[in-house]
Each structure stands twice: as structure tokens, then as C-alpha cells.
Amino acid sequence: MQGSKKYQQAGYGFLGMSLLYLLLAYAFMPPFNLGAAGFLYAGTFLLLAGVCSYYIHRGSKKLALVLALIYGARSMVSIYTLIKGEAFTAVPYVLPCLLITFYLLGRAAWDWP
């Protein structure tokens, strides 16, 4: 299958960008005490990112398409809030992660170069 390399790259890229996103979000968001719930949220996020990465890596075009649409929408909303001046403090740092993830997923979903 010719597109399989794109799916593998999208799967690895999605997992890597999700990990980087989580680290940047925790680093640049204002401090707040979630206690044990914070570990639960982070663990759930990592589990979901891992499962999605696995299925993208295996060639799930529908999942790549749905996630590409979600990440495209998230990127547009983040750009809008940056322009309007209402963005969270982490948005300028996580926006490149969103855009790179959108591109990697779009390559797999729509056969971009």
C-alpha cells in the first residue's frame, strides 16, 4: 500500500505532538492544584493519544480524517483567539503543535504531499 508510510508518519507524529502538547500545556498554564485528578486527566489523555496513534499507524483513514478536521478547527480557533487577544498563555506555544499535527493527519487523510 503506497499510503502506508504516510499513516505511519502520522501515527508517530500524532503521538509525539500529543506528548509535546501535554508538556507545553502543563508548563505554560497558570498553576492550579488538581491533585490526583490531574494525574488521571493526564493518564487518560496519554492513553487516548496512544490508542489513536496506534490506529492511525495501522492505516485508519476515517480516524485520520476526523482528527484532521478536529485539529484544523482547533488551530483556526487558536489563531482567532491570538488575533483577538483573548488567548490563554499557552496558546502561542501549543499552536505549532496543533498545526504540525493537522498537517501530518491531513497528509494521511487527503493524500497531501
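Me: Which residues have the most contacts inside the largest nonpolar core?

Reply: A nonpolar core is a set of buried Ala, Val, Leu, Ile, Met, Phe, Trp, Tyr and Cys residues joined through side-chain atoms within 4.5 Å, where buried means under 20% relative accessible area, exposed over 50% and partly exposed in between, with a 1.4 Å probe and protein chains only. In this structure the largest such core has 15 residues, and those with the most contacts inside it are F14, I56, A64, L67, Y71, L105 and A108. The elements that give two or more residues to this core are α1 (4–28), α2 (36–57), α3 (61–84) and α4 (91–110), and α4 gives the most, with five residues.

Me: What should I know about the model and its numbering before going further?

Reply: This is a predicted model, in which local features need pLDDT of at least 70 and side-chain atom pairs count only at pLDDT 80 or more, whereas totals for chains, interfaces and linings use all residues. Residues are numbered from 1 along each chain as its sequence is written, and side-chain values use heavy atoms, with hydrogens and water left out.

Me: How many helices and strands does the protein have?

Reply: Helices (H or I, at least four residues) and strands (E, at least two) are DSSP runs, numbered from the N terminus. The protein has four helices and zero strands, so that the pattern read along the sequence is α-α-α-α. Its C-alpha trace spans about 45 × 35 × 15 Å along the principal axes, and 33% of its 113 residues count as buried.

Me: What share of the contacts in the protein comes from residues 24 or more positions apart?

Reply: Contact means heavy atoms within 4.5 Å. Among the contacts in the protein with a separation of 6 or more, 75% are accounted for by residues 24 or more positions apart. One case is A64, which, not counting residues up to four places away in sequence, touches Y7, L105, A108 and A109.

Me: How do α1 and α2 lie relative to each other, roughly parallel or roughly antiparallel?

Reply: Two packed helices are described by the angle between their axes and the distance between the axes. Axes are lines fitted to C-alpha atoms, for helices over the stretch in contact, and angles run from 0 to 180 degrees between N-to-C directions; angles under 35 degrees count as roughly parallel, over 145 as roughly antiparallel, 65 to 115 as roughly perpendicular and the rest as oblique. The axes of α1 and α2 come within 7 Å and cross at roughly 165°, and the two helices are therefore roughly antiparallel. By class, their contact has 15 nonpolar, seven polar and no charged residues, where Ala, Val, Leu, Ile, Met, Phe, Trp, Tyr, Cys and Pro count as nonpolar, Asp, Glu, Lys and Arg as charged, and the others, Gly among them, as polar.

Me: Where is F45, and which residues does F45 touch?

Reply: F45 is placed in helix α2 and is partly exposed, with a relative accessible area of 27%. Leaving out residues up to four places away in sequence, F45 touches S18, Y21 and L22. The C-alpha atoms of F45 and L19, which are 26 residues apart along the chain, are separated by 9.2 Å.

Me: How do α1 and α3 lie relative to each other?

Reply: The axes of α1 and α3 come within 12 Å and cross at roughly 40°, and these helices are therefore oblique to each other. The contact is made by Y7, F14, S18 and Y21 of α1 and K61, A64, L67, Y71 and R74 of α3, which by class gives six nonpolar, one polar and two charged residues.

Me: At what angle do the axes of α3 and α4 cross?

Reply: They cross at roughly 150° and come within 8 Å, and α3 and α4 are therefore roughly antiparallel to each other. The residues of their contact divide into 18 nonpolar, six polar and two charged.

Me: Is S78 buried or exposed, and what of K62?

Reply: S78, found in helix α3, is buried, with a relative accessible area of 12%, and is in contact with V91, L95 and L98 when its neighbours within four places in sequence are left aside. K62, also found in helix α3, is exposed, with a relative accessible area of 71%; its C-alpha atom is separated by 7.5 Å from that of A109, 47 residues apart along the chain.
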